Amino acid sequence: MQNPDHEHIRRFIALALAPKIGPSLFKAILAYSGSPKAFFDIPKGKASKIPKVGPKLLALRESREELLRKADDLIATSEKKGFEILTHLDPKFPQRLKAQEDGPVLLFSKGKADLNFERTVGIVGTRSATSYGRSATKRIIEDLSVYQPAIISGLAYGIDIEAHRAAIHAGLPTLAVMGSPIDQIYPAVHRKTAEQLQESGALLSEYAPGSKMMPGNFPARNRIIAGLSDALIVVEAAAKGGALITAEIAYSYDKEVFAVPGNLQSNFSEGCNNLIKKMKASIYTGPNDIAEALFWTKPGEEKLSKPKLDFSNREKEELAILTHLQEKGESEIDQICYATEIPLGTLSSKLLSLEFEGIVKSLPGKKFKLLV
């Protein structure tokens, strides 16, 4: 008898491998049909009503056996090479990525880390790091080590690899988000570091073993670095580059973004200085900047808490919403609806009104948080 969990993974992978089905469409299919298996099995008329599903995607249902064979091959290859396949519904899948509308639905990992770290800091920067940038990266991680965060970066030349090595030296777990397939360490000269970091961290990629390495993979992986980071620090960056893309994405996700200010005469400080100038990043001056922004405390210290605000002058429904958000920090609209027992239509209207007042902010994934 087929293992139900194994069969679920087969169907999930088969749908994820289908051409022209990106993360957003995959999640729409899952939300409408309930499961990948159901998408293949429900009547054609019902499947055709799924948003953005047209005739070409419906035709994929006729290729289910081929897609399932590909899924079986991928499962076998991953098991043989020691890679773990994580589906969007797996409890071990990084919870931070689930709030992203464009977040991946399938990930491949290798390492000993639990990917749901308590605290995370992303560190990115130019591939052409200067001595100042390398020194600043080491100092930042050394200073942050008292808070024991996991360090997130992209295994690239320059600031990225310096961040991974500094994390290993400081005894911190570090997660390398790869733009290459999980079985291809790129650049190859970073293989030793990639092997070392697996002892307490992990390699992570949305690209399957054996797949082709495409130039577009690297900008795409930046959204994963941003999504996994509670705070993102840009150490050095020119006027254009991948680090700035990551910072822009993190800013759009409402993450805490910091930039290390640099010499006005250095090309590799221009990007950081511009982020600060445009108020898309705060100036990084030391570890307290991160701790205060994220309400972190050192081991043994009394836990910091956000000050309680007085919402007593609010009407009953707004009071319920604001109280819930203050307790939870941020929450999905369905969770707010369940907790407050406010009808969804009324709730949407109230949230919109509070957003216009600048009290509440909407986040990707139909989530909301307090701004005060």
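This is a predicted model: local features need pLDDT of at least 70, side-chain atom pairs count only at pLDDT 80 or more; totals for chains, interfaces and linings use all residues.
1. Ground rules. Local features need pLDDT of at least 70 and side-chain atom pairs count only at pLDDT 80 or more, while totals for chains, interfaces and linings use all residues. Numbering starts from 1 along each chain as its sequence is written, and side-chain values use heavy atoms, with hydrogens and water left out.

2. Aromatics. Taking Phe, Tyr and Trp rings (six-membered ring for Trp) as paired when their centres lie within 6.5 Å, with planes under 30 degrees apart called stacked, over 60 edge-to-face and the rest tilted, the count is four pairs. One of them is Phe-12 with Phe-26: the centres are 4.7 Å apart and the planes at 50°, so this pair is tilted. Phe-12 sits in helix α1 (residues 4–17) and Phe-26 in helix α2 (residues 23–33), so the pair ties together parts 14 residues apart in sequence. Helices here are DSSP runs of H or I, at least four residues, and strands are E runs of at least two, numbered from the N terminus.

3. Strands. β7 (residues 231–234) and β8 (residues 256–259) pair in the parallel sense over four bridges, pairing meaning that DSSP finds at least two bridges. Ala-231 stands opposite Glu-256 in β8. β8 also pairs in the parallel sense with β9 (residues 282–283), over two bridges, and Ala-259 has Ile-283 as its bridge partner in β9.

4. Crossovers. With helix α12 (residues 242–252), β7 and β8 make a right-handed β-α-β unit; right-handed means that, with strands pointing away from the viewer, the path from the first strand over the helix to the second runs clockwise. The crossover from β8 through helix α13 (residues 270–277) to β9 is right-handed too.
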